[in-house]
Amino acid sequence: MKDPRITQLAENLINNAIALKSGENILIETTDTPDELSTELIKAVAKVGGNAFVHNYNSRVRREVIRSASEEQMKLSAELAMDEMKKMQAYLSIRAMNNAMENCDIDDKKMLAYRTITQDVLNYRVNNTRWCVLRWPNPSMAQGAKMSTEAFEDFYFKACLADYPKMQRAAQALVDLMNKTDKVRLVAQDTDITFSIKDIPAVPCCGNMNIPDGEVYTAPVQGSIEGVIHYNTPTLYEGKQFSNIRLVFKQGKIVEATCETGDNKSLNAIFDTDEGARYVGEFAIGFNPFVLSPMCDILFDEKIAGSIHFTPGMCYEDAPNGNKSAIHWDLVLIMRPEYGGGEIWFDDKLIRKDGLFVVDELQCLNPEQLSG
């Protein structure tokens, strides 16, 4: 029996997140997802008069392609992908990832070559199409979230089908405040870091580019970051897991990077991908009221209520600070009391403490307000 939530999600993605119009082309890429999802997406595209182009991938097959590909093959594949992407007005990617560690044994140099060669396609897609990226619930993800499969599915649809118009209205006050702010200070356990966001636009994400959604992002002014940040949320990067990543910044650059779980050599290899990998391209505040615990999946973890993410690598064109890189790694610090607490200060004024906004105009973004 078809789960009606799949139809609801598909129609929400096409009609609201992507806002596809009649006659437009959309590339839909799925990985390890059920056929029912793809068929419902195609139906939703057809209802608005759009044209769906669908690629269904398997993560084990993709792993072997990357492991086996020569540099010449990667370049040709990237050329073909770019030719296709340039004919698209919209892009949707949904990944289940039966094994989140599938790529952990691919050689670091091979993964670096793959990231570098395919970066232009990613940049074009991000900056020239209306796009949305999300995960698909499966037992592997449920295990990562420490839930039963049924409980995780219920959580997934609740988070992904949140009241995004209400969230968008509430987020505007934070956007306005960030656009007036110069100095930001983040304080938490083993964290005290300052930077400027002056004159860099704040962008709300409330149900369009990533699902589940719930953040406002900007970027630090190049060279302004000073201090230490200790992320308390485990993270995966290309199949390698790291936890308790600690970064020391001087004049905007990561000068020291260590982790508790994971290999420090592999960690620093990521930050040595290119010049921009040791600089930060995004600062964001998360507030999805239904996402409360980390599950080692960035698309969910970066939206955790009471969190921030501070992202080494490429900046976005709509919040530009000039940083360019082949990486964009959303590392998350949760500031709620059960994770050690923390504070966000804007121009020497406390705006969020222990995960809750304390200024009147921002309290509408607290979980009890957004989930009601």
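Strands are DSSP runs of E of at least two residues, numbered from the N terminus. In this predicted model, strand β1 includes Ile 26. With a relative accessibility of 0%, Ile 26 counts as buried, because the term applies to residues under 20%. Leaving aside neighbours within four places in sequence, Ile 26 is in contact with a series of residues, among them Ile 14, Ile 18, Leu 20, Val 45, Phe 53, Met 88 and Tyr 91. The C-alpha atom of Ile 26 is separated by 31 Å from that of Glu 150, which stands 124 residues away along the chain.

Helix α1 was examined next. At 1.5 Å a residue, its 14 residues should span 20 Å, and the end C-alpha atoms are 18 Å apart, in agreement with that expectation. The N-terminal end of α1 is capped by Asp 3, a side-chain oxygen of which lies 2.9 Å from the backbone nitrogen of Arg 5. After α1 comes Ala 19, with a positive phi near 55 degrees. The buried residues of α1 are Ile 6, Thr 7, Leu 9, Ala 10, Asn 12, Leu 13, Ile 14 and Ala 17. An α-helix has 3.6 residues a turn, so residues three or four places apart point the same way. The partners against which the buried residues of α1 pack are β1 (25-31), α2 (35-47), β3 (90-95), β4, α7 and β8.

Helix α7 comprises twelve residues, 149-160. Within α7, Phe 152, Phe 155, Tyr 156, Phe 157, Ala 159 and Cys 160 are buried. These buried residues pack against α1 (4-17), β4 (130-135), α6 (139-144), α8 (164-179), β8 (210-211) and α10 (298-301).

Attention then turned to the second largest pocket, whose volume is about 240 Å³. Its lining consists of 14 residues, and those nearest the pocket centre are Asp 108, Leu 112, Arg 115, Ala 269 and Ile 270. Helices α5 (108-128) and α9 (264-271) each contribute at least two lining residues. The most is given by α5, which supplies five residues. Sorted by class, the lining contains seven charged, five nonpolar and two polar residues.

How values were computed. Residues numbered from 1 in each chain as written. Predicted model: local features only at pLDDT ≥ 70, side-chain atom pairs only at ≥ 80, totals over all residues. Heavy atoms only, no water. Helix = DSSP H or I, 4+ residues; strand = E, 2+ residues; numbered from the N terminus. Expected span 1.5 Å × (residues − 1). Buried < 20%, exposed > 50% of the residue type's maximum accessible area, 1.4 Å probe, protein only. Contact = heavy atoms within 4.5 Å. 1 Å grid on protein atoms, 1.4 Å probe; cavity = no way out; pocket = protein on both sides within 12 Å on 5 of 7 lines; lining within 4 Å. Points joined across faces, edges and corners; volume = space filled by probe spheres on them. Nonpolar A, V, L, I, M, F, W, Y, C, P; charged D, E, K, R; others polar. Polar contact = N/O pair within 3.5 Å; in protein donor to acceptor, adjacent residues only side chain to side chain.
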